[in-house]
Amino acid sequence: MTPKEDSEAVPVKRTRSASAAAASEVKSQRKTNSTLNTKTVVDLTLEGENEANPTESETNGVTPTVSDNWMESFAPSTSDDLAVHPKKIDEVRNWLRHCQAMRSKFPAQICLLTGPSGSGKTATLRVLAQEFGYELQEWINPIDCEEISALGDQATGNSYMGSQLEAFKSFLLRASRYKSLLATHNKRLLLVEDFPNVLLKDASSTFEELLDEYANYGKSPLVFIVADSKSRVLNISYKLFTDQLKAKHRIEHISFNSIAATIMQRSMKRFGTLMHQEQHKTLYKLPTQTVMDSIVVCAQGDIRSALINLHFGSLKGAPSMATKQINVTAPSKGRKRKATNTLKSIGRDESITMMHALGRVFNPKFNEDKNKTLLHSPEELSEAFCTEPKSFVNFIHANYLPHFIDIAHVKDAINDIGVADMLLQEYRDDSLALVGLTVAVRGCMVANAAPVTGWMPVRGPKRLTVQAQLTAAEQKLLGATYAGISKSLFTSEYSSFVKIIASNGS
């Protein structure tokens, strides 16, 4: 029949029933409610939100990309982007130029970069290595694994642990001599930032043997990066890179300083510019200028810490970072000091400079109690400079005398400084160095009951230099054939006696 033929010819259109439509609406409503409830949780991928509400970048055809290591997105690409003083950049650049000039005769040049954490040592080396066309080969400590000896498919039952020292030695010699098949540059630059654990023990002789062998057989420049440490035991640059070793291998030592506040603020502006790019707009929202200034103050010259705080403080959906004002002294007449803020969640670094520490030693302050205890602990001051105890004691010895009024107080102070000097000469126990520094600091603070008020300049310790010896004419005039007497000693002590003897003899 015709109606039957028409029903077969026309395809049946599928429609949802009312119950199915209602169920789908309830399900979508639950989904929207769940997304609203979890709004405070920051999702770095933002997959669900992008599917529900397409952003402006997606409508324009630009998809936001999130790197696995988000810090690589803010890494400097040129030397102008580095948050380092230009003088330090020029020092590293001049060393790389020296390596190129000495590549044919002495290719195994060695450099040591030291400085506090986050001062831009590694970033400077990576940028300049790319600028000079070097392929950077970095040493990473391998994981200890058991190696099983096998004969074909059958294990012999013998196993041994791979030596980190042998692996490190193999890396130095092979990476400097042989090029990878996937490398795009012909020149190689070796980087060692993670030292093998075996070298952190009493193995300075082993490290010296490694450098001796590398100086003879190495074919590429080698760079060691060491972060400063307050602990003398953990200070790698002090334990491994002695003055004799640096002089023997002509190691170029470049010391980085903490990043200045002005350079840090310039880097924060660059980070803000990068966050405004299309691939980062969906993730970041720049905080206020007060928060950014507080991040700079909190970082204390650490660019890595500043970037991490800015990252978490700029994520969309994250709570805003609370700030607090720092108590500052009253400004001088005619000058207005800008209010300084810091982050509440992060404590400020309480480390002090040497000049502040010397001021606390020479002008001790006492608490207003019965025992008159010291306001600043001598042990805390000594702990802050435990890596260079002899240098700090030398500064005390060169500047303590003008701050005393009574000669009896000077006698007590010089006795303690003498004991500290004797303890610092003990080389068999490293702990005595901190004890000697504490004795000098505490003795000088306790002995100075009435310090001299007023500003006094701090003078550096005098270095004993080899004095010029007597000439042949001066020896003949003195009547002695010994030339070990210095000219200053001859002028102050022996010259008058020579004149008396000469006048009596005539």
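User: Let's start with E131. How exposed is E131?
Analyst: This is a predicted model. E131 is partly exposed, at a relative accessible area of 43%.

User: What does E131 form a salt bridge with?
Analyst: With R93. The closest N and O atoms of R93 and E131 are 3.3 Å apart. R93 sits in helix α5 (residues 86–101) and E131 in helix α6 (residues 121–131), so the pair ties together parts 38 residues apart in sequence.

User: And R93, buried or exposed?
Analyst: R93 is buried, with a relative accessible area of 12%. The cut-off for buried is under 20%.

User: How accessible are R126 and E138?
Analyst: R126 is partly exposed, at 39% relative accessibility. E138 is partly exposed too, with a relative accessible area of 33%.

User: What does K248 pair with?
Analyst: K248 forms a salt bridge with D212, and the closest N and O atoms are 3.3 Å apart. That pair links distant parts of the chain: K248 is in helix α10 (residues 243–249), D212 is in helix α8 (residues 204–217), and they are 36 residues apart.

User: How exposed are K248 and D212?
Analyst: K248 is partly exposed, with a relative accessible area of 48%. D212 is partly exposed as well, at 22%.

User: How many salt bridges in the whole structure?
Analyst: A search of the whole structure finds nine.

User: Switching to the sheet. What's the strand order?
Analyst: The order is β2-β5-β6-β1-β7. These five strands form an open sheet, and the pairing is parallel.

User: Which strands are at the edges?
Analyst: β2 and β7 (252–255). Each of them pairs on one side only.

User: How much twist?
Analyst: It averages 20° from one strand to the next.

User: What does α5 lie across?
Analyst: α5 lies across β1 (110–115), β2, β5, β6 and β7. It runs at about 160° to β7.

User: Zoom in on β5. How many of its residues are buried?
Analyst: Six of six. Strand β5 covers residues 187–192 and is mostly covered.

User: Which residues are on which side?
Analyst: K187, L189 and L191 are on one side of β5. R188, L190 and V192 are on the other. Both faces are covered, and these residues are all buried.

User: How many bridges does β5 make with β2?
Analyst: Six. β5 and strand β2 (residues 134–139) pair in the parallel sense.

User: And with β6?
Analyst: Three bridges join β5 to strand β6 (residues 222–227), and the two run parallel.

User: What stands opposite L190?
Analyst: Q137 stands opposite L190. In β6, the bridge partner of L190 is L222.

User: New topic: α11. How far does α11 reach?
Analyst: Helix α11 (residues 261–275) has 15 residues and reaches 21 Å from its first C-alpha to its last. That is close to the 21 Å expected at 1.5 Å a residue.

User: Which of its residues are buried?
Analyst: I263, M264, S267, M268, R270, F271, G272, L274 and M275 are buried in α11.

User: What covers them?
Analyst: The cover includes α12 (278–281), α13 (289–299) and α14 (303–314).

User: Now the whole protein. How many helices and strands?
Analyst: There are 21 helices and nine strands.

User: How much of it is buried?
Analyst: Buried residues make up 32% of the 506 residues.

User: What about the accessible surface?
Analyst: It comes to about 33,200 Å², and 53% of that belongs to carbon and sulfur atoms.

User: And what share of contacts comes from residues 24 or more positions apart?
Analyst: They account for 70% of the contacts with a separation of 6 or more.

Note on methods. Residues numbered from 1 in each chain as written. Predicted model: local features only at pLDDT ≥ 70, side-chain atom pairs only at ≥ 80, totals over all residues. Heavy atoms only, no water. Helix = DSSP H or I, 4+ residues; strand = E, 2+ residues; numbered from the N terminus. Buried < 20%, exposed > 50% of the residue type's maximum accessible area, 1.4 Å probe, protein only. Contact = heavy atoms within 4.5 Å. Areas by Shrake-Rupley, 256 points an atom, 1.4 Å probe, with all protein chains shown as cover. Pairing = 2+ DSSP bridges. Expected span 1.5 Å × (residues − 1). Salt bridge = Lys/Arg side-chain N within 4 Å of Asp/Glu carboxyl O. Axes fitted to C-alpha atoms, helices over the stretch in contact; angles between N-to-C directions.
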